[in-house]
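Please read this briefing alongside the sequence and the coordinates. It goes from the chain as a whole to individual side chains.

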Amino acid sequence: MYKYDQYDQAIVDARVDEFRDQVERRLSGQLTEDQFKPLRLMNGLYLQLHAYMLRVAIPYGTLDSRQMRMLGSIARDYDRGYGHFTTRQNLQFNWIKLADTPDILAKLATVEMHAIQTSGNCIRNISADQYAGAAADEVADPRPWAELIRQWSTFHPEFSYLPRKFKIAVIAADEDRAAMRLHDIGIQLLERDGELGGAIYVGGGMGRTPMISHLIRDFVTADDLMSYLEAALRVYNRYGRRDNIYKARIKILLHEIGPDEYRRQVEEEFLAVKQLGLDPPRAELERITAMFAPPAFAPDAAAELDRSDPDFAVWLDQNVVAHKQAGYAIVNISLKPAGGIPGDASADQIDLMADLGARYSFDELRVTHAQNIVLPHVAIRDLKAVWSALAEAGLAEANLDLITDIIACPGLDYCSLANARSIPLAQKIAARFADRDRQRDLGELKLKISGCINACGHHHAGHIGILGVDKKGTENYQLSLGGSGAEDVSLAKITGPGFSEDGVVDAIERVTDTYVAVRTKGERFLDTYRRVGFEPFKEAIYG
């Protein structure tokens, strides 16, 4: 994985010193909250309903055991003993004291971590496929490209004050495990005539106006990538709406001028930008790529697995994925235990996952956009030991991509923007569908909950999506069906009037019962929905 050089470390250390001075001035009263707000947001610090929340960047979701342990230590010493992994592959601490934030950032800096550009109208944390470097279907490891983009976008002087926040994802396989088409810019690496390059998609996003991105260029080489991204951002920065926060995202610009006109302007800008010599030499990408070299896999790692324990066997089938290296596997650790809060992990659990990553996964861990953790390189012979340790810590829930593997935002329990609670609803749904055999019979069914229209829970991309709204002072939940953030990307459709918290759980059960009644053999929920259409489900929900 990428290691800081002296420039990276100097930048992060300088930012810590700068923010320490800003916090001291805020605490002394020299800065008002209005003056301090833009400064704290530049450092990932939000003021939520009950306390400050600090969002820590985990670039493209990759971290090592020392970084993971530091997150556990901060959770234990400065928060309430847990951290919350997010849909942007980051981690949030929800109960931070303002006076402690400089010390927290200083501790993060000692393990090559920070909170820079995790908030504000800038280019946010670059996300990527959580199976990068391990998946059998990728054409290349996308993380070197994501790292190159991270370096280009960090403190970019022209793009530090964009019309609105900006999100970029990089994948390298036809299977989209990062919701790439629902990003402001998505890049899919592919090969053409023996050369590696990327297809550029622009204008995706969720929120109050969800949109699927458009293919703007079908191939950009590594040599031209930075110039092309520069051009794409310049056009947006020039014409993006700054008079209306609800129309400020790049998806609105493409909607207003059309993808063809946007493409024309980007291509024109690209020709001008190329003359500036902004692209790093190919040697820089090669330098970065060398840091992501495959681990030293053992040639004799293959082993027979004893599947006699039924719980272990189910976990293998549900949470373990094939690796491109013979004798190894990709392990998914579910942070969605029965009765738990989606994405939360205690300090002790964080420490345990760090230990497992160090011992069994070449000191690598990944955060997924579905709020789970991945050990990317586990020898098959070690799977039983990993599972046993996870089971003892309450982390062996075998529910990856099942109905209880719920994505949920913090909702009204924490967020000042939310209209409704997400966490209690997620817990009620998980309890209703707790039976493991029932979950597995339903098969792949991605359920996602957002507590407000900002869609931090990705409800637009849920096979079943739930949006919390305020209905005359009462929490109400809209139900949507048919969304997908994968390569078969689609936006969910609202079924009709909303429900109470208990009512929406009952409605979900009617939806799943309908699916079971009308599915054909081998069909996923989403396949059945697309085949039979919306009406049978609406009829079952409302009668």
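The notes below begin with the overall fold and then turn to charges, a helix and some loop residues.

This is a predicted model, in which local features need pLDDT of at least 70, side-chain atom pairs count only at pLDDT 80 or more, and totals for chains, interfaces and linings use all residues. Residues are numbered from 1 along each chain as its sequence is written, and side-chain values use heavy atoms, with hydrogens and water left out. The chain contains 17 helices and 20 strands, where helices (H or I, at least four residues) and strands (E, at least two) are DSSP runs numbered from the N terminus. Its radius of gyration is 23 Å, close to the 24 Å that the globule rule gives for 543 residues, so the chain is as compact as a globular protein of that length; the radius is taken over C-alpha atoms, and the rule is 2.2 Å times the number of residues to the power 0.38.

**Overall fold and surface**

- Along the principal axes, the C-alpha atoms of the chain fill a box of roughly 60 × 60 × 60 Å.
- Of the 543 residues, 59% are buried, a class defined as under 20% relative accessible area, with exposed set at over 50% and partly exposed in between (1.4 Å probe, protein chains only).
- Among contacts (heavy atoms within 4.5 Å) between residues at least 6 apart in sequence, 67% join residues at least 24 apart.
- The chain exposes about 21000 Å², of which carbon and sulfur atoms supply 50%; accessible areas come from the Shrake-Rupley method with a 1.4 Å probe, and for residues only the protein chains shown count as cover.

**Charges and salt bridges**

- There are 63 positive and 77 negative side chains, and the centres of the two sets lie 5 Å apart; Lys and Arg count as positive and Asp and Glu as negative, while His and the chain ends are not counted, and each charge is placed at NZ of Lys, CZ of Arg, CG of Asp or CD of Glu.
- The chain has 57 salt bridges, each being a side-chain nitrogen of Lys or Arg within 4 Å of a carboxyl oxygen of Asp or Glu.
- Arginine 217 and glutamate 267 form a salt bridge with an N to O distance of 2.8 Å. This pair links distant parts of the chain, since arginine 217 belongs to strand 10 (residues 214-221) and glutamate 267 to helix 8 (residues 259-274), 50 residues apart. Arginine 217 is partly exposed at 23% relative accessibility, and glutamate 267 is partly exposed at 22%.
- Lysine 428 and glutamate 501 also meet in a salt bridge, at 2.8 Å from N to O. Here the link runs between helix 13 (residues 423-432), which holds lysine 428, and helix 15 (residues 501-518), which holds glutamate 501, 73 residues apart. Lysine 428 is partly exposed at 32% relative accessibility, whereas glutamate 501 is buried at 13%.
- Lysine 274 and aspartate 279 form a salt bridge at 3.4 Å, N to O; lysine 274 is partly exposed, with a relative accessible area of 32%, and aspartate 279 is buried, with a value of 16%.
- A network of salt bridges links Glu158, Glu230, Arg234, Arg238 and Glu269.

**Helix 10 and its cover**

- Helix 10 (residues 310-319) is mostly covered, with seven of its ten residues buried, namely Phe312, Ala313, Val314, Trp315, Leu316, Gln318 and Asn319.
- The cover over these buried residues includes strand 11 (320-322), strand 12 (328-333), helix 12 (383-392) and helix 14 (436-442).

**Loop residues**

- Alanine 420 sits in the loop between strand 16 (407-408) and helix 13 and is buried at 0% relative accessibility.
- Not counting residues up to four places away in sequence, alanine 420 touches Gly411, Leu412, Gly451, Gly468, Val469, Glu475 and Tyr477; the C-alpha atoms of alanine 420 and glycine 451, 31 residues apart along the chain, are separated by 5.0 Å.
- Glutamine 89, in the loop between strand 4 (82-85) and strand 5 (91-96), has a positive phi of about 65 degrees although it is not a glycine, and glutamine 89 is buried, with a relative accessible area of 1%.
- Aspartate 363, in the loop between helix 11 (347-360) and strand 14 (365-367), has a positive phi near 65 degrees and is likewise a residue other than glycine; aspartate 363 is partly exposed at 29% relative accessibility.
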